[in-house]
Amino acid sequence: MGVGNITGWRLLRASVGSQRRDVAVASVFLVGHQTGEALVPVLVGVVIDEAVRTGDARALTGWLLLLGLDFAVLSFSYRFGARRSWLADVRADQRLRLLVADRVLDPRGGAETGRLPGNLTTVAVADAKRVGIVNFALPLGLAAVAAAVVATVALLRISLPLGLLILLGTPPLLYLVHLLGKPLERRSGPEQERAAQAAGVAADLVAGVRVLKGIGAEPAAVRRYVGTSRAALAATLRATGAQAWYQGAVLAANGLFLALVALVGGRLAAQGEISVGGLVAAVGLAQFLITPLQIFGWVNGRLAQARASAARIAEVLSAAPAVATGPRPAPADPRGALRVRDLRHGPLDGLDLTVPAGELVGVVAPDPAAATALLRCLGREVDPEGGTVELDGVPLVEYAPRDARRAVLVAAHDAELFSGTLRDNVLAGAPPERDPVPAMAAAQADQVAAALPDGADTAVSEQGRSLSGGQRQRVALARALAADAPVLVLHDPTTAVDTVTEARIAAGVRALRRGRTTVAVTSSPALLAVTDRVVVLDGGRVRAEGTHAGLMDTDTAYRTTVLG
Amino acid sequence: MTTGRDTPAGRELLPVAGAARTRAAVRELLRPHRGRAALALVALVAGAAVSLLAAPLLGRIIDLVVTGAPPGAVTGPALALAAVAPAQGLLAVAGIALVARVGENVLAGLRERFVARALGLPLERIEAAGSGDLTSRVTADVSLVGEAVREAVPQFARSALVILLTLVALAVLDWRFLLAALLAVPIQALTARWYLRRSTPLYAEQRVIGGVQQQQLLDTVGGAATVRAFGLEAEHAERVRTRSEDVVDVALRVVRLQTAFFGRLNLAEYVGVAAVLTTGFLLVGAGTVSIGTASAAALYFINLFTPVNEVLFLLDTAQSAAASLARIVGVAGLRPEEGPAHPVRPVDAAVRVKGLGHHYLPGHDVLDGVDLDLRAGAQVALVGASGAGKTTLAKLVAGVHRPARGSVEIGGARLEEQGPDVVRETVALITQEVHVFAGPLGEDLRLARPDADDTALLAALDTVDALPWVRALPDGLATVVGTGGHALTVVQSQQLALARLVLADRPVAILDEATAEAGSAGSRALEAAARSALRGRTGLVVAHRLTQAAAADHVVVLDAGRVVEQGTHDDLVAAGGRYARLWDAWSASR
């Protein structure tokens with residue numbers, strides 16, 4: 001899978017290549033469809049020449065049958081061509097989406113460095129779609145070429161001068177339309193943005209309705225929204241004015257061109273150079289030719305978009321991994337002795353820390369950045385700039401990131417819940433057949449379940465947004481406890497729960513993790529009170545250590561940090 | 001409707017307007033613009049009529065050719081054709097611009113009324129429905145109706161008029177041409193019915209499945225760090241794959257439906273063309289019409305293909321837009337909350353709670369027999385486990401819910417006597433929900449006090465200790481924050497909420513879980529900010545950290561919906577009860 005140097009162009013080619021059979025079959029069918037469409041005006045002209053003029057009923061039947069055949073061919077070609085090209089489109093789209101997801105999920109990480117989660121989702125959805133659509137656009141483009149060729153041949157066969165007039169006249173006509181549309185494109189961009197902004201403001205105010213009501217700000221908010229809405233209305237009206245002029249101009253230009261074709265064609269017909277049916281066909285073809293030429297423009301636009309999107313996807317796929325993988329096999333049944341040696345990373349400046357197997361240690365880090373740096377090193381989210389983290393005497397970097405994390409589980413303070421039931425969430429990282437009840441009880445997540453309509457079977461939606469902050473935190477903690485990792489590192493696991501519950505959780509964690517190595521990075525006095533030992537960091541190193549009670553008695557700075 | 005959200009039992013969704021109410025609401029919004037709407041119709045009809053001149057003029061040229069007129073005779077009709085073009089263009093400009101003007105004005109009126117009503121709904125009502133219902137109406141439904149007004153309506157109107165007038169024109173050429181053309185109509189009508197029956201549920205399903213996939217990607221990509229920490233990579237890759245396959249699956253069903261739809265319309269096209277040509281053949285043979293007229297009829301019919309396809313294809317958009325419109329009108333038409341005829345104003349900021357009891361489900365009391373007496377300006381902390389009833393008590397005092405039993409009095413007047421407008425000016429409630437309003441920071445704060453100048457805003461920020469970081473922002477008060485803007489930390493967002501509280505300047509303020517989720521260091525900063533923000537007001541604080549309780553004038557301990565202890569921090573610690581045990585656990589050997 002794609003870690004390495006991938007360019008947008010190569011990605012685009014591979015995306016088409018992965019569906020080449022469907023793209024090829026779709027092209028053949030869609031060429032058939034457009035050819036059939038081009039033949040409709042030609043055949044109508046022939047019917048008028050051969051049947052209506054002559055009154056020959058057999059000719060009428062014959063040509064109408066042929067026209068029917070043409071309709072059948074164009075209809076079925078469209079049906080199968082469109083399905084195949086659509087299939088090629090959505091399959092390519094899906095393939096890219098999965099590539100992006102796989103890259104993001106790579107245990108070595110690194111894909112999300114410097115990006116917001118929303119941005120990566122956009123790459124996986126919108127950009128993948130824009131690249132996929134090339135598989136739809138290519139057959140359509142080829143079909144447009146075929147249509148143009150058929151129409152050209154038909155026109156030149158009817159009359160050389162008239163054919164040349166139409167063929168040479170249509171591109172300048174389209175260019176003129178393009179020129180007319182140019183300023184519109186420039187204007188409508190920002191104006192559409194203004195309109196979208198009004199929708200955004202409304203959604204934003206509604207999302208914050210509790211906040212507004214809390215301070216009685218609804219009237220002010222409504223006044224503000226009306227202002228935004230009116231400004232958006234004015235902008236939209238300016239844009240629609242331009243839009244109306246553009247559409248009107250296109251109609252007029254088209255009509256003038258048609259008049260010119262009628263004039264020249266009519267004179268040629270009057271001189272006997274072409275037949276009446278030929279004139280009807282030429283007029284019909286002049287109208288028809290506009291469609292394939294417009295398709296060229298559309299295909300071109302898609303290709304440009306697809307190249308930009310492909311470049312963005314390629315950038316994600318070739319992002320450098322955040323951590324290296326190690327050569328050792330997974331540790332078998334680790335005892336769980338943790339040792340941090342001379343760790344230097346960010347604000348950490350030579351941190352030494354030893355946690356014997358089975359101990360429950362509290363770490364108090366007044367500088368949040370130091371806590372984060374330590375947690376990232378412990379969880380192998382990053383490889384430390386200097387020093388090592390060792391498990392049972394072996395540096396963590398010597399294991400594959402997945403194996404290291406299985407042995408040392410870092411439960412982040414902002415860990416996300418996933419869709420599924422509450423129980424699914426608790427058991428997400430647990431060994432098979434594990435009973436969720438003890439972990440849920442220890443984390444007081446059983447209380448959360450009790451308050452929900454279907455208990456532990458209640459579905460959790462939108463990354464747990466259907467739960468309150470405190471509920472979410474307890475479920476996440478239960479999940480960390482249920483995983484039963486040899487070493488468990490908890491980061492601020494009780495910030496959103498009330499004091500009574502916090503005290504119960506502290507007792508629960510203590511009991512459940514007895515004999516298992518546990519590190520609690522927190523300044524919660526309730527949690528620190530149940531630890532065996534507390535380590536206080538300052539300036540990137542250990543400043544003090546002792547029992548919570550001892551430090552509370554002797555260390556004023558510690559007391560201030562913990563009690564505020 | 002189309003959201004994938006689970007609706008827990010007991011959810012009471014917001015109303016959806018019936019067809020008659022929806023029509024009445026649209027008529028009412030149209031009324032101020034009816035002159036313009038009539039003009040738009042005239043322009044559209046005239047434009048379509050002028051465009052129909054093209055085919056008979058071409059027919060005239062053909063007739064001239066057939067009758068052997070000299071080449072110069074063609075010039076007249078060709079010039080007429082050339083004159084039709086700009087006229088058609090100008091009328092289109094007028095028609096499109098007027099339709100857009102009317103549509104956009106109506107749309108703006110509708111969305112403004114919707115937002116006003118939505119924000120005016122009682123909080124209790126919003127919570128009963130779940131805020132997702134309201135959000136999906138204001139985003140998905142408003143934008144769907146907007147798109148319909150912007151794109152579908154003008155196109156639909158023009159195409160429908162072209163079809164109608166073409167049929168009239170065919171009848172003018174010869175009524176039998178009209179009859180021939182109408183042969184296609186049964187096929188088209190059946191096709192439309194067949195399509196609409198399938199398309200509406202299918203598109204709804206497609207939106208749901210698309211939403212589910214988007215949600216899964218947000219889950220997986222947004223939670224990538226958590227996924228890796230728990231080694232769930234394979235499981236999540238599989239989830240993304242399954243969701244993605246569902247999307248492919250439904251997309252293929254959609255394209256199958258659409259291609260079958262157009263296939264059936266092709267059949268209608270062929271039947272119509274063949275019938276019109278045959279009619280022409282017969283009428284020319286009988287000497288009733290000229291070859292030029294027969295050709296004009298054929299050209300008319302060929303030019304109908306595109307508008308017919310458009311109209312039928314847009315029926316689906318029209319149907320979903322109508323459904324969305326009904327959901328918008330459902331809220332926009334709600335009556336605003338009514339208060340008493342003569343609201344009583346509170347005389348001071350004292351809060352008195354008597355015999356207060358409440359339940360959300362009958363028989364399940366969450367609060368019972370609560371009595372509290374807070375003198376004006378007192379700082380009171382509520383302590384208790386989850387489910388003890390702290391939040392319910394806070395909401396009752398803030399007037400969010402009407403109590404089932406007992407009463408809440410502020411400044412000597414019961415909340416019912418004050419009515420919503422007065423209560424709004426009396427009590428402020430800050431919940432755990434932090435929301436930073438998108439836009440300049442100063443504008444966010446001015447929601448609390450619209451007439452505040454920058455000095456007042458900076459003073460409020462200073463009160464809650466937010467001044468240092470606000471000054472450090474790239475554009476100070478003008479910095480764009482919230483969605484899409486400068487991201488604020490949880491602590492900063494909460495400080496902003498407290499600054500709004502200072503600006504709103506209500507005599508009574510209630511803080512529920514206001515400092516949760518900020519991390520330990522942040523909690524302490526926020527506690528200090530909250531203390532400053534509450535100075536001079538009666539404050540009721542749901543305490544998460546006991547330090548908040550220790551700093552309050554009065555502590556109320558709740559358990560299972562009842563007050564089990566209350567008094568000052570020192571008294572309660574000395575009493576050696578429940579609170580004292582909590583405090584011991586919290587402060588260890590203090």
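These points describe a helix pair, a chain contact and a sheet in a predicted model.

1. Residues are numbered from 1 along each chain as written, and chains are lettered from A in the order written. Because the model is predicted, local features need pLDDT of at least 70, and side-chain atom pairs count only at pLDDT 80 or more, while totals for chains, interfaces and linings use all residues.

2. In chain B, helix H2 (residues 34–51) packs with helix H4 (residues 75–120) at about 150°, their axes 8 Å apart. Helices here are DSSP runs of H or I with at least four residues, and strands are runs of E with at least two. Axes are lines fitted to C-alpha atoms, for helices over the stretch in contact, and angles run from 0 to 180 degrees between N-to-C directions. H2(B) and H4(B) are therefore roughly antiparallel (over 145 degrees).

3. Residues of H2(B) that meet H4(B) include B:Ala40, B:Leu44 and B:Gly47; contact means C-beta atoms, placed from the backbone, within 7 Å.

4. The contact between the chains takes 144 residues from chain B and 141 residues from chain A. On the chain B side, H4(B) gives the largest share, 26 residues.

5. Chain A has an open sheet of six strands with mixed pairing, in the order S6-S9-S10-S3-S11-S12; strands pair if DSSP finds at least two bridges between them. Its edge strands are S6 (408–411) and S12 (541–546), each pairing on one side only. The twist averages 20° from one strand to the next.

6. S3(A) (residues 360–364) and S11(A) (residues 533–538) run parallel, joined by four bridges. A:Val364 has A:Val536 in S11(A) as its bridge partner.

Technical notes. Angles under 35 degrees count as roughly parallel, over 145 as roughly antiparallel, 65 to 115 as roughly perpendicular and the rest as oblique. Two residues are in contact if their C-beta atoms, placed from the backbone, lie within 7 Å.
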